[in-house]
Amino acid sequence: MHHETNHIQVDAIFLHPKYRLRSLVNDIALVRLSTKAKFNNYVQPICVWLTNETDLSNVVGKYGMVIGWGLTEMGNRSDILQQASMPVVPFHTCLESNRNAFRDYLSDTTFCAGSRNGTSVCFGDSGGSMFFERNDVYFIRGIVSATPTKIYETNKKECDSMQYALFTDVSQYVSWIENVTKCEMGPRCVSKLENKLVRVTKYEIRVAPVQSSKLPIDSIRKKRQISAGIEPVMANSDPQTHHWPWHAAIYELNESVASYRCGGTVISASSILTAGHCVSSFNVPMDTERLSVSLGKLNLDVNESTAQNFDVAEITMHPQFSSIDLNNDIAILRLSTHATFTNYVQPICLWPSNKKKLSNVAGKAGMVIGWGLTEMGVRSNVLRQAFVPVEVDSRKCLPTNRGLLSLYMWEANYCAGSRNGTGVCFGDSGGSMTFVENGVAYIRGIVSVIPGKPNKTAVTATICDSYHYALFTDVALYLSWIERATIESQKNVQCIETVPFSEYEIAANDIEEDYNDFVLGVHSHVEVEKKSSCGQRLPELTPLMANSYPTHHWPWHAAIYYNNKDYHPFPFYRCGGTVINSNTVLTAAHCVSRFNEPMQSNEFLVSLGRLNLDVDESSGQNFTVAEVIIHPDFEYFDKNNDIAILRLSTHATFNNYVQPICMWPSNKKKFSEIVDRAGTVVGWGKKETGEISHILQEASIPVVSFFTCLSSNRTFYGNFLTEKNYCAGNRNGISVNPGDGGGSMTFEEGGIYYIRGLVSKCLANNQNGMCDSMEYSIFTDVAQYLSWIEEVIAKRPFSALPILTRRFLFLNTPNTKKKSMMATILSFVLLVLRTER
């Protein structure tokens with residue numbers, strides 16, 4: 001059948017006004033034709049998505065149709081229109097499948113789709129539609145935007161049809177489309193056609209599926225394996241520093257002198273959120289030439305190589321800000337140039353718009369950070385942190401300090417504070433209060449006002465009173481204003497996905513006393529009240545990284561040294577372990593055995609409270625080993641029952657640096673309860689250079705189902721998987737490595753950490769003998785050995801403290817299953833160091 005083809009010239013092109021090439025934000029355009037097309041059975045308009053169904057959940061899990069003349073699997077452009085059916089996947093499923101590729105491009109105006117089975121889109125399909133059928137009518141929902149590509153050593157690029165593709169969500173742009181076209185998207189779209197011809201969007205030709213479309217070259221990042229595949233918070237430095245890469249320092253310039261003024265928060269590459277009173281004078285914005293912003297800093301007095309410094313191009317105050325009563329105390333600074341996102345500079349996620357109620361943070365403690373005054377009345381040079389609980393009931397907050405709070409409390413701010421000496425003080429104004437949900441940090445508050453009191457000893461007349469509540473601007477109530485005020489789209493497109501702290505639930509004590517003085521800002525910290533005697537990362541009382549490594553975020557992790565002078569003249573690091581009570585360390589049996597027999601106890605030393613293996617840290621506690629107990633059914637060659645216990649010769653002293661982990665609850669042994677959840681693994685394992693990491697590293701690694709692991713490489717995993725171990729891994733360059741053996745995989749629930757796995761073995765990379773970080777690793781399932789552990793402890797009365805367990809219910813998490821692939825490598829790596837110091 002022959003029909004006439006229409007060729008029409010282009011009259012005008014309309015790019016979205018906020019389109020950005022580098023980030024593919026608002027990747028949508030309209031082309032206006034010079035003449036009108038003639039609609040017939042072969043040319044018809046598609047229906048635009050309904051404006052009352054823009055929620056992505058309406059299409060998640062459903063298959064959309066994509067068509068195009070893109071490259072086929074042979075690498076040639078298809079002369080005939082191709083089609084493919086692709087399922088839409090949830091945000092987190094896409095993000096977790098390849099964080100390096102998608103973290104800079106996913107937003108609330110894009111979505112991912114794909115089967116990751118060879119059926120996808122490819123070069124030449126960009127700009128085409130994804131559409132869905134409803135009652136014989138077709139609606140456009142997506143526009144093909146991009147996917148990652150595979151790059152070979154020859155710089156040859158291919159579409160990677162085993163990855164998800166990125167689509168622009170057309171439903172988020174209906175108003176813009178209507179505005180440009182000057183008409184409403186009505187019913188003039190294709191439904192059924194006459195003359196018994198097929199519908200426009202149905203095709204008789206069924207040929208090879210199309211492959212995937214590319215991202216810009218600068219978006220393709222070389223994956224790097226960091227010591228044991230664990231990405232440090234800071235590269236080439238102490239991994240425990242720079243934990244808050246969204247925090248900004250705002251300076252005031254007086255002639256040639258820059259003085260620190262306030263804190264702020266990065267919400268996009270060129271936007272800093274802060275308090276209105278920080279950047280104004282009597283309701284009038286300050287001169288932008290008087291301000292500068294520094295990002296990526298830890299120490300204000302050090303010229304750090306990680307820092308990025310910027311002039312301020314514009315100050316946007318909330319139009320209803322009042323310097324008298326500090327209502328609407330919020331402002332945005334637009335930087336003169338865009339920041340470069342690194343390990344040290346990252347944007348925070350804005351609070352979810354569907355969780356604006358303050359009750360969502362009831363009983364939770366938010367993290368506040370800043371360079372404000374310490375308890376000694378001097379500014380802290382090093383960034384400090386504190387956990388501050390929210391008081392959601394204004395009726396409880398107001399009576400504690402009526403003289404102050406009656407003047408400054410508004411519907412758009414809230415009270416928070418421990419009222420025990422932990423709080424905020426001068427210099428912390430404008431900084432954020434953040435909360436964590438599923439490992440993602442969100443900004444909820446901005447430090448605005450706290451009480452003050454007369455100072456009887458220092459030079460200043462007023463000092464901060466951290467025994468009263470402070471007031472925080474509620475960011476969740478300003479999301480629409482923030483969106484309008486920012487030039488570029490910043491809705492969580494690039495916000496940081498992992499954070500190194502947990503939340504604490506702290507009860508505030510009522511205080512009757514009133515103070516009329518007040519200050520703008522924040523104060524120093526005392527220790528947060530413990531809610532459990534196991535599984536807690538206790539907050540540090542000193543600055544985050546002042547001249548040492550004071551944070552020690554994993555106080556249950558142990559370093560096991562081999563100490564046999566017949567084989568080596570000095571002790572050398574061998575494996576990791578986990579403190580489960582004051583003189584008991586859990587580890588992998590292969591770390592402390594020769595064949596099926598335990599090694600001698602005098603061949604080992606154990607060190608607790610350590611962060612850096614090369615530094616004689618004052619926090620460290622060192623022990624000889626009294627007894628080595630390996631599981632009676634341990635098999636050296638296949639590593640079944642790879643679990644062992646070391647009994648220390650003396651008891652450890654529990655403090656901020658040494659704490660026991662909580663054992664897994666005995667009523668939650670089912671493996672299905674952790675599938676698709678990401679556990680935390682820490683260790684001093686080897687880096688990609690083959691050298692051990694002297695600084696403790698950490699990684700978040702998702703657990704995968706039995707069949708996902710098995711089918712990825714049946715030859716290897718078929719020999720080792722049992723009902724008492726499991727697989728986990730990102731298969732993206734992040735993995736465990738030799739030296740991480742015996743360390744724990746832990747899960748956090750309600751601020752408490754529980755041990756579920758022990759690092760056991762991995763598939764070897766034949767090129768370097770390291771773990772293949774593109775494959776899964778195997779972990780011993782500790783939950784299946786609780787009875788044996790309890791039996792061992794009970795038979796040895798020298799263990800004074802019982803193992804601690806807590807009952808809890810898991811929360812549902814997004815699906816992060818990885819599509820499996822076949823391999824035939826037989827070798828594997830024992831995750832133990834044999835000769836390294």
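Arg 261 is partly exposed, with a relative accessible area of 26% (buried means under 20% relative accessible area, exposed over 50%, and partly exposed in between, with a 1.4 Å probe and protein chains only). Its side chain meets that of Glu 252 in a salt bridge, at 3.0 Å from N to O (a salt bridge is a side-chain nitrogen of Lys or Arg within 4 Å of a carboxyl oxygen of Asp or Glu). Glu 252, at 13% relative accessibility, counts as buried. You are looking at a predicted model, in which local features need pLDDT of at least 70 and side-chain atom pairs count only at pLDDT 80 or more, while totals for chains, interfaces and linings use all residues. Residues are numbered from 1 along each chain as its sequence is written, and side-chain values use heavy atoms, with hydrogens and water left out.

**Nonpolar cores**

- The largest nonpolar core contains 61 residues (a nonpolar core is a set of buried Ala, Val, Leu, Ile, Met, Phe, Trp, Tyr and Cys residues joined through side-chain atoms within 4.5 Å). If you want to find it in the viewer, look for Leu 273, Val 293, Leu 295, Leu 333 and Ile 482, which have the most contacts inside this core.

**Helix α3**

- Helix α3 spans residues 174–181, and Val 174, Trp 176 and Ile 177 are buried in it (helices, H or I with at least four residues, and strands, E with at least two, are DSSP runs numbered from the N terminus).
- Looking down the axis of α3, you would find its buried residues within an arc of 160°, so they line one face of the helix (the arc is that of the directions from the helix axis to the C-beta atoms).
- The cover over these buried residues includes strands β1 (10–15), β2 (29–33) and β3 (47–48) (contact means heavy atoms within 4.5 Å).

**Salt bridges**

- In total, the structure has 16 salt bridges.
- One of these pairs Glu 314 with Arg 334, whose closest N and O atoms are 3.0 Å apart. Glu 314 sits in strand β18 (residues 308–317) and Arg 334 in strand β19 (residues 331–335), so this pair ties together parts that are 20 residues apart in sequence. Glu 314 is partly exposed at 34% relative accessibility, and Arg 334 is partly exposed with a relative accessible area of 27%.
- Another salt bridge brings together the side chains of Glu 603 and Arg 594, at 2.6 Å from N to O. Glu 603 is buried at 4% relative accessibility, whereas Arg 594 is partly exposed, with a relative accessible area of 35%.
- Salt bridges with shared partners also connect Glu 252, Arg 261 and Arg 290 into one network.

**Disulfides**

- There are 7 disulfides in the structure (a disulfide is a pair of cysteine sulfur atoms within 2.5 Å). As a reminder, a disulfide is a covalent bond between the sulfur atoms of two cysteines.
- Cys 262 and Cys 278 make up one of them, with sulfur atoms 2.2 Å apart. The torsion about their S-S bond is about -80°, so this disulfide is left-handed. Cys 262 lies in strand β13 (residues 257–268) and Cys 278 in the loop between β14 (271–274) and β15 (280–281), so the pair ties together parts 16 residues apart in sequence. Both Cys 262 and Cys 278 are buried.
- Cys 425 is joined to Cys 464 by a disulfide with an S to S distance of 1.6 Å. Here the torsion about the S-S bond is about 85°, so the disulfide is right-handed. This pair links distant parts of the chain, with Cys 425 in strand β24 (residues 425–426) and Cys 464 in strand β27 (residues 462–464), 39 residues apart. Cys 425 counts as buried at 2% relative accessibility, and Cys 464 counts as buried at 6%.
- Cys 709 is joined to Cys 727 by a disulfide, S to S 2.0 Å. The link of Cys 709 and Cys 727 is left-handed, with -50° about the S-S bond. Cys 709 lies in helix α7 (residues 706–712) and Cys 727 in strand β42 (residues 725–728), so the pair ties together parts that are 18 residues apart in sequence. Both Cys 709 and Cys 727 are buried.
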